[in-house]
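Please examine the structure shown below.

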Amino acid sequence: MNMKKKWWHDKVAYQIYPKSFYDTNGDGIGDIPGIIEKLDYLKDLGIDIIWLSPVYLSPLADQGYDIADYYKIDPRFGTMEDMDRLINEAKKRDMYILMDLVANHCSDEHEWFQKAIADPEGPYGQYFYLADAKDGRPCNWRSYFGGPCWDELPGTDKLYLHLFHKKQPDLNWENPKVREEIFQNINWWLDKGLGGFRIDAIINIKKALPFHDYPSDRSDGLCSVSNMLKESQGIGDFLQEMKNRTFDKYDAFTVGEVFDAKPEELVDFIGENGHFSTMFDFSTTCFGKSPKGWYDCQQITPEDYKACCFSSQRKVQDIGFLANVIENHDEPRGVSHYIPEGDVNDTSKKMLATVTLMLRGIPFLYQGQELGMENMPFESIEDINDVNTLDEYKTAKAAGLSDEAALKAVLRYSRDNARTPMQWSDQPSAGFTSGTPWLKVNPNYTRINAASQIHDENSVFSYYKALISLRKNPLYKDTLVYGQTVPYLESQKNLMAFFRKGEKQSLLILANFQNEPQEVLLPEENYQILINNCPQLEQQEHSLKLQGYQAVVLALGV
């Protein structure tokens with residue numbers, strides 16, 4: 001396809017979870033000055049775009065995704081002056097800052113909601129979805145964090161809708177005044193010099209109205225919100241209006257968190273004139289999920305992973321770009337999730353990195369991914385902070401699992417796995433803070449940390465750096481950014497192999513997704529090794545023998 005080239009197409013992005021990134025004042029919570037202090041670390045890695053999870057004023061019921069004031073920085077993270085300095089320091093390094101746009105809901109402590117409580121029949125009552133309590137709940141939807149999504153509006157005879165935490169009332173996008181408030185805020189931030197936004201939970205802004213029940217799917221008599229999302233129509237009108245009124249005017253980069261998108265809508269979301277620059281590929285994340293809860297999820301296999309990736313690549317190849325991820329703040333650590341238990345080591349971590357960064361799309365790394373950080377060995381449910389994990393634990397127990405089995409089931413998927421403090425060194429608290437960390441540090445920090453990897457040419461960090469450098473190498477950049485992804489030997493078990501085909505060259509990526517060696521037939525004899533995660537590459541006649549979890553990138557015909 002002939003795609004109009006944009007400034008973000010060849011970029012590599014990195015997500016920071018500020019609360020756990022780097023603490024400069026010893027209060028155990030990461031802060032914006034800490035991010036500024038680590039900009040050169042990220043620049044050295046090769047990062048261009050930095051997405052910050054929310055740092056707005058918030059009671060942190062859902063770790064900042066419950067915003068009490070869209071125009072203020074929470075004092076726990078710093079000041080607006082710190083934020084301005086971060087944007088400017090990033091610009092000096094040719095880097096861009098993204099903030100989270102959380103526009104489906106706000107905090108119940110936001111001024112709008114407080115005014116709605118004071119006068120439900122007034123203008124701010126129409127900023128939310130309210131219903132008369134005497135009529136009962138308007139629908140049987142289950143909130144994403146468990147329980148009914150309708151709660152009593154304090155001190156009134158009304159109910160309000162919250163698809164997430166009860167402290168996150170949904171904003172009524174049908175009200176043009178709400179949309180106007182949101183657009184005004186977006187432009188205010190873009191005027192400050194932001195590069196753009198990661199757009200949170202955006203698919204939820206359009207409800208299927210009027211509210212109605214769907215068949216219940218658990219013993220609680222409630223149903224998943226996904227039923228409503230499948231039925232809702234017309235979200236594109238909202239999203240296109242937002243783009244026209246805000247992002248387009250600044251040539252801003254936007255990445256959508258889009259679950260439950262309909263296949264026919266892909267071109268509307270990420271086509272050349274789409275609502276967003278890109279959207280996350282959650283195909284591997286969503287694989288095996290069960291409507292019953294985490295305890296019933298099916299674990300993904302290497303073959304499943306391959307099928308998900310190739311299916312996504314085929315769907316969008318002639319449409320636009322996906323944002324490729326193996327982990328984020330809402331998921332467990334990728335190496336612990338996608339690599340079979342017992343096989344997690346530096347070689348397998350590098351293999352997964354190779355696949356992720358060589359697929360077509362915009363790579364998004366999550367803090368610590370470049371070090372190969374792993375899931376946290378939590379010992380008790382009391383160690384868990386995440387509201388979602390606590391709800392899933394109750395769900396597992398209600399399904400009849402023992403305390404031990406329920407804990408094991410939810411820890412595999414817990415969001416707190418990715419929220420443990422960043423492992424900077426082998427010093428106390430992993431060098432994250434001089435105080436007591438808000439969440440326990442993974443005890444493997446003495447073995448896995450940035451200080452030990454930065455100058456080690458064989459480290460996971462150095463390998464990520466090499467992959468990013470290859471993506472940016474003028475000799476290969478056009479092929480790796482714009483070239484087609486063409487699967488190769490797709491039926492060979494536990495082999496993830498694909499070409500990246502540009503106008504004038506072809507690269508071949510081979511990844512052995514198992515512990516046992518396997519032979520791979522070569523499409524041609526002449527090649528140059530660009531990347532190899534093992535010391536050697538064993539060549540046989542017309543084939544290569546890949547060691548366990550070996551991954552290579554080959555330039556063909558040279």
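Is the crossing of α12 and α17 left-handed or right-handed? The crossing of α12 and α17 is right-handed (a crossing is right-handed if the near helix is turned clockwise from the far one by less than a right angle, and left-handed if anticlockwise). This is a predicted model, in which local features need pLDDT of at least 70 and side-chain atom pairs count only at pLDDT 80 or more, while totals for chains, interfaces and linings use all residues. Residues are numbered from 1 along each chain as its sequence is written, and side-chain values use heavy atoms, leaving out hydrogens and water.

**Helix packing**
- Helix α12 (residues 346-358) packs against helix α17 (residues 460-472) at an angle of about 20 degrees, and their axes are 10 Å apart.
- The two helices α12 and α17 are therefore roughly parallel (angles under 35 degrees).
- The contact (heavy atoms within 4.5 Å) includes Ala-353 and Leu-357 of α12 and Tyr-464 and Leu-467 of α17.
- Nine nonpolar, one polar and four charged residues make up the contact of α12 with α17 (Ala, Val, Leu, Ile, Met, Phe, Trp, Tyr, Cys and Pro count as nonpolar, Asp, Glu, Lys and Arg as charged, and the others as polar).

**Strand β8 and its partners**
- From strand β8 (residues 158-161), Lys-158 and Tyr-160 point one way and Leu-159 and Leu-161 the other, and all are buried (under 20% relative accessible area, with a 1.4 Å probe and protein chains only).
- Strand β6 (residues 130-132) pairs with β8 in the antiparallel sense over three bridges (pairing requires at least two DSSP bridges), and Ala-131 has Leu-159 as its bridge partner.
- Strand β7 (residues 150-152) runs antiparallel to β8, joined by three bridges, and Trp-150 stands opposite Leu-161.

Note on methods:
Buried < 20%, exposed > 50% of the residue type's maximum accessible area, 1.4 Å probe, protein only. Helix = DSSP H or I, 4+ residues; strand = E, 2+ residues; numbered from the N terminus. Axes fitted to C-alpha atoms, helices over the stretch in contact; angles between N-to-C directions. Parallel < 35°, antiparallel > 145°, perpendicular 65-115°, else oblique.
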